[in-house]
Amino acid sequence: MPPTPRRTRSDALQNRERLLEVAARVFAEQGLDTAPAAIAKQAGVGVGTLYRHFPTREALIDAAYRHQLTRVCEKAPDLLARHPAAEATRIWMEHFLEYATAKSGMSAALNAVIASGVDPYADSRALLTDAVATLLDTGAHDGSLRTDVTSDDVLLLMGGIAYSVQHGSKEQARRLVDLLMDALTKGSTASCTQAPGSGASNVRAGTANPSSGAVDVHEAPGA
């Protein structure tokens, strides 16, 4: 019996997801010269399947980048469903830094996409702004984050921290995130009601390494 259309669509979506995951990793690690056939093989699909989804190398790079961006932005509401806002924000920043590192590795590939006339960053700022706004708004509501900070403030600062990942160390980047979280929680309702010495340490306690990876603040430093 031939597969049902529903099953066929499901398989196609799964194939596409695997291709995008593998492509993002391979382009970040090995650069633009990676053969599409090698990407298809690692994804467990035929090269014909790859070209049906992505007719050109540039289309594949663009889609892989946008996929990673969407994933990191979609983590914000998921984290908020499982953690207080300040803790969710701290964990989200870890995902953001992983994403920034992957994006840096894809820079040559992304430049090739731009040269082809496509702007892979067209939706980046809007998606990231919405994700950060969701975190800040929830934090303002539950009292764990201060209320006088904007999404643009946070994205600009995160762009600087992303730059430190590319030119410094992950340990330094995490220290900078700690400093940023201290700033975001200072003066919040929760920090004002906590006992002395118990403030931002509660946020840092939620910094367990995220289970899956990785900025894009295209306009921000280091992005």
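The model is predicted, so local features need pLDDT of at least 70, side-chain atom pairs count only at pLDDT 80 or more, and totals for chains, interfaces and linings use all residues. Residues are numbered from 1 along each chain as its sequence is written, and side-chain values use heavy atoms, with hydrogens and water left out. The protein chain has 11 helices and 0 strands, where helices (H or I, at least four residues) and strands (E, at least two) are DSSP runs numbered from the N terminus.

**Overall fold and surface**

- From the N terminus on, the order of elements is α-α-α-α-α-α-α-α-α-α-α.
- Of the 223 residues in the protein chain, 42% count as buried; buried means under 20% relative accessible area, exposed over 50%, and partly exposed in between (1.4 Å probe, protein chains only).
- The protein chain exposes about 11200 Å², of which carbon and sulfur atoms supply 54%; accessible areas come from the Shrake-Rupley method with a 1.4 Å probe, and for residues only the protein chains shown count as cover.

**Nonpolar core**

- The largest nonpolar core has 55 residues, and Ile39, Trp92 and Met93 have the most contacts inside it. Such a core is a set of buried Ala, Val, Leu, Ile, Met, Phe, Trp, Tyr and Cys residues joined through side-chain atoms within 4.5 Å.
- Elements that give two or more residues to this core are α1 (5-30), α2 (36-43), α4 (57-80), α5 (85-105), α6 (107-115), α7 (124-142), α8 (151-167) and α9 (170-185).
- Helix α4 gives the most to this core, with 11 residues.
- Leaving aside neighbours within four places in sequence, tryptophan 92 is in contact (heavy atoms within 4.5 Å) with Val72, Cys73, Lys75, Ala76, Leu79, Leu128, Ala131, Val132 and Leu135.

**Largest cavity**

- About 30 Å³ of space lies in the largest cavity. On a 1 Å grid over the protein atoms alone, a cavity is a set of points where a 1.4 Å probe fits but cannot get out, a pocket is an open set with protein on both sides within 12 Å along at least five of seven lines, and lining residues have an atom within 4 Å of a point.
- The largest cavity is lined by Thr89, Trp92, Met93, Val132, Leu135, Leu136, Val154 and Leu184, and the elements giving two or more residues to this lining are α5 and α7.
- This lining comprises 7 nonpolar, 1 polar and no charged residues; Ala, Val, Leu, Ile, Met, Phe, Trp, Tyr, Cys and Pro count as nonpolar, Asp, Glu, Lys and Arg as charged, and the others, Gly among them, as polar.

**Second largest pocket**

- The second largest pocket holds about 180 Å³ of space.
- Glu21, Ala24, Arg25, Ala28, Glu29, Gln68, Arg71, Thr101 and Ala102 line the second largest pocket, with two or more residues coming from each of α1, α4 and α5.
- Helix α1 gives the most to this lining, with 5 residues.
- By class, the lining of the second largest pocket has 3 nonpolar, 2 polar and 4 charged residues.

**Two single residues**

- Valine 113 lies in helix α6 and is buried, with a relative accessible area of 0%.
- Apart from neighbours within four places in sequence, valine 113 is in contact with Glu58, Ile61, Asp62, Val118 and Pro120.
- Valine 113 and aspartate 62 are 51 residues apart along the chain, and their C-alpha atoms are separated by 6.7 Å.
- Alanine 183 is found in helix α9 and is partly exposed, with a relative accessible area of 35%.

Conventions: Grid points are joined across faces, edges and corners, and a volume is the space filled by probe spheres set on the points.
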